[in-house]
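Subject: Structure for your review

Dear colleague,

Please find the sequence and the structure below. My notes on what was found follow directly after them.

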Amino acid sequence: MSTPERLLLASWLLIATAAQAAGPGLGKPLSAADIAALPRSVFPDGRGLAAGRGTVSDGKVIYDAQCTSCHGIAGRGGSGGHLISDGKLTGADPDPAVNTYWPYATTLWDFTRRAMPMTAPGSLSVDETYAVTAYLLHLSGLIEADGVLDEQSLPKVRMPNRDGFDWIDAKRH
Amino acid sequence: MSEGDETSASGLLDRRLFLRRGLRWSAAIAAAPSIAIAADIPSDPTRTPGQPFSNYGQPSPQEKATIRWISANRAVAGNGVSWTPLHDLEGIITPSGLHFERHHNGVPQIDAEAHRLSVHGLVQRPLSFTIEALKRYPQRSRIGFVECGGNSNSSWNLEPLQTRAGYLHGLASNSEWTGVPLSIVLDEAGVDPAARWLVLEASDAIGMNMSLPLAKARKDCLLALYQNGERLRPEQGYPLRLIVPGWEGVLNVKWLSRIELTTEPVMSRNETSRYTELQPDGRARQFTFVMDVKSLITSPSPGHLLNEKGLYEIRGLAWSGRGKIKRVEVSADAGKTWKPAALQGPVLPMSFTRFRIPWRWDGAAATLQSRAVDDTGAVQPTRAALVAKRGRAGYFHYNAIVSWQVSEDGELSHVYA
């Protein structure tokens with residue numbers, strides 16, 4: 001064993017000892033299969049996205065059936081707020097919406113997948129989630145009408161306001 | 001010392017006055033809406049046996065107007081808030097049943113025996129914890145506030161909203177929280193040196209997920225199992241929530257089920273498109289975690305009535321996510337002159353602090369304000385200064401001075417002053 005390896009092992013042992021001193025150590029190990037069964041975090045670079053695909057045209061059908069009651073036709077507004085805006089982020093009446101404000105397209109997929117529709121969260125399949133996301137990104141002017149989204153192309157969609165955020169109480173690394 | 005020396009022109013008296021003398025009080029501040037007293041109250045309670053025991057006590061039926069005020073989405077009843085009635089409460093502890101709520105899709109019903117907390121990602125030992133296991137860990141208690149980042153948001157409006165103080169500023173509540181220091185569980189899992197963030201996730205119907213810097217998680221966060229001595233209420237996260245002292249409410253994830261250690265924030269919906277503040281230049285403030293220094297007068301406040309001239313106690317709450325409250329000053333003349341209020345102990349960091357100051361109302365119109373300073377030197381700003389700095393579109397993190405106008409009739413209203 002090399003010296004760095006010995007140091008590393010020693011530090012791990014120290015950490016383990018400290019944990020035993022502080023708590024009873026009742027955590028049960030999670031296997032790789034256990035972890036694979038947990039909900040996934042979806043990051044802006046696409047890590048965590050489920051494999052699948054959906055088209056803008058399929059997304060419009062799903063949106064019209066399941067989303068208009070709260071978000072209006074073509075995302076123009078309802079009890080759940082509008083998703084698409086012609087407005088700006090500056091001026092007397094700024095209008096943040098998905099197309100004008102959201103920094104990452106992956107967030108749209110992830111929130112739709114975990115939370116929408118609110119009457120039946122989690123009921124959209126992976127492909128349906130890609131389709132609805134594709135439709136909203138089309139309404140945002142970021143995908144063509146015949147466009148398709150999958151786990152490779154979604155993180156490559158650059159939202160217009162991606163760099164519009166300043167971190168206040170956290171540091172970028 | 002003569003009374004003239006103690007009284008400012010605005011009628012504010014020395015904060016120690018009540019301690020020095022037995023002053024005669026004016027009739028108590030009346031609540032404007034009168035509550036019909038239940039018909040079955042005996043005329044003489046000493047001449048009839050009292051009520052039997054109860055398994056779980058309830059407030060007097062005569063106090064049934066002291067409620068959380070619910071404002072929910074008309075299409076999704078579980079998406080909205082309920083406000084703590086700060087104007088009806090005293091001391092610094094919010095009763096658990098009156099602690100504010102912010103739910104994004106209802107209060108989940110969770111089987112505590114089946115519930116697990118998973119800790120994984122950049123750790124040496126991914127682990128799962130039952131609630132029973134967490135109960136065996138060393139417990140710590142802290143008294144502190146939880147405040148929604150969106151508290152007081154109507155005060156960004158051009159016109160002051162007329163409602164009770166708690167329904168303007170009561171997305172803030174204060175409890176004793178008890179649970180396991182998060183650092184113990186993180187150490188047991190063995191955090192990888194590359195980790196910088198935690199992604200916290202809930203078992204609710206939006207799968208609430210939020211990113212928290214590792215340094216804060218290690219510093220003072222609690223895996224809370226108890227609120228005010230009893231197990232968490234369902235609407236406060238039963239069976240497990242995180243308490244993140246002094247930081248915005250949404251990070252205090254309720255119904256906590258998963259913690260993933262990562263190098264970067266996950267950029268969830270509620271840390272990008274919500275809980276960020278759009279500024280006049282079109283840029284947005286993100287990860288605005290700390291709740292800044294704030295105070296308000298809870299009594300008298302709109303809905304209360306001063307029914308005669310005379311001596312009143314001005315009472316309020318102050319808090320800061322940066323530390324302890326150092327000083328609260330009160331003005332009865334719209335900020336022209338200020339007098340220090342008495343801080344009632346305990347004065348705890350990142351906790352509600354109760355302040356009091358006697359005031360002699362002479363029957364003239366007056367504007368009451370409070371201004372808090374914390375032990376980092378941060379001063380609660382005027383509304384004009386806050387709006388000049390941040391614009392009005394940011395929605396979150398409103399902490400400006402609150403103004404109540406007293407009319408010659410003794411009625412109170414919300415004004416911008």
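A:P117 is located in the loop between α6 and α7 of chain A, where helices (H or I, at least four residues) and strands (E, at least two) are DSSP runs, numbered from the N terminus. The peptide bond that leads from A:M116 into A:P117 is cis, with omega near -15 degrees.

The model is predicted: local features need pLDDT of at least 70, side-chain atom pairs count only at pLDDT 80 or more, and totals for chains, interfaces and linings use all residues. Residues are numbered from 1 along each chain as its sequence is written, chains are lettered from A and ligands numbered from 1 in the order in which they are written, and side-chain values use heavy atoms, with hydrogens and water left out.

Chain A

Chain A contains seven helices and four strands, and from the N terminus on its elements follow the order α-β-α-β-α-α-α-α-α-β-β. Of its 173 residues, 43% count as buried; buried means under 20% relative accessible area, exposed over 50%, and partly exposed in between (1.4 Å probe, protein chains only). Among contacts (heavy atoms within 4.5 Å) in chain A between residues at least 6 apart in sequence, 52% join residues at least 24 apart.

Helix α6 (residues 105–115) of chain A has 10 of its 11 residues buried, so it is largely enclosed by the rest of the structure. Among these buried residues are A:W109, A:D110, A:F111 and A:R114. The buried residues of α6(A) pack against α5 (98–101) and α7 (126–139) of chain A, and also against β9 (197–202) and β10 (209–213) of chain B.

The sheet in chain B

An open sheet of five strands in chain B has the order β21-β20-β24-β25-β26, with antiparallel pairing; two strands pair if DSSP finds at least two bridges between them. At the edges stand β21 (339–340) and β26 (412–415) of chain B, each with a single partner strand, so one side of each is left without a neighbour in the sheet. Strand β20 (residues 325–331) is joined to β24 (residues 366–374) of chain B by six bridges. In this pairing B:R327 has B:V373 as its bridge partner, and B:S331 stands opposite B:Q369. B:Q369 also stands opposite B:S403 in β25(B); four bridges join β24(B) to β25 (residues 403–406), and these two strands run antiparallel. β24(B) is mostly covered, with eight of its nine residues buried.

Loops of chain B

B:Y275 lies in the loop between β14 (256–262) and β15 (277–278) of chain B and counts as buried at 5% relative accessibility. Its C-alpha atom is separated by 7.6 Å from that of B:G150, 125 residues apart along the chain. Leaving aside neighbours within four places in sequence, the contacts of B:Y275 include B:R102, B:C148, B:V250 and B:F396. The side chain of B:Y275 also makes a polar contact with the side chain of B:H104 (3.4 Å); such a contact is a pair of N or O atoms within 3.5 Å, where within protein one must be able to donate a hydrogen and the other to accept it, and residues adjacent in sequence count only if both atoms are side-chain atoms.

B:T94, in the loop between β3 (80–83) and β4 (101–103) of chain B, is buried with a relative accessible area of 2%. Leaving aside neighbours within four places in sequence, B:T94 is in contact with residues including B:H99, B:S173, B:N228 and B:F352.

Most residues other than glycine have a negative phi, and most peptide bonds are trans. B:N228, in the loop between β11 (222–227) and β12 of chain B, has a positive phi near 50 degrees and is partly exposed, with a relative accessible area of 26%. B:W255 has a positive phi of about 55 degrees; B:W255 counts as buried at 2% relative accessibility and lies in the loop between β13 and β14 of chain B. A cis peptide bond joins B:Y238 and B:P239, with omega about 10 degrees, and B:P239 lies in the loop between β12 (230–231) and β13 (241–243) of chain B.

Yours sincerely
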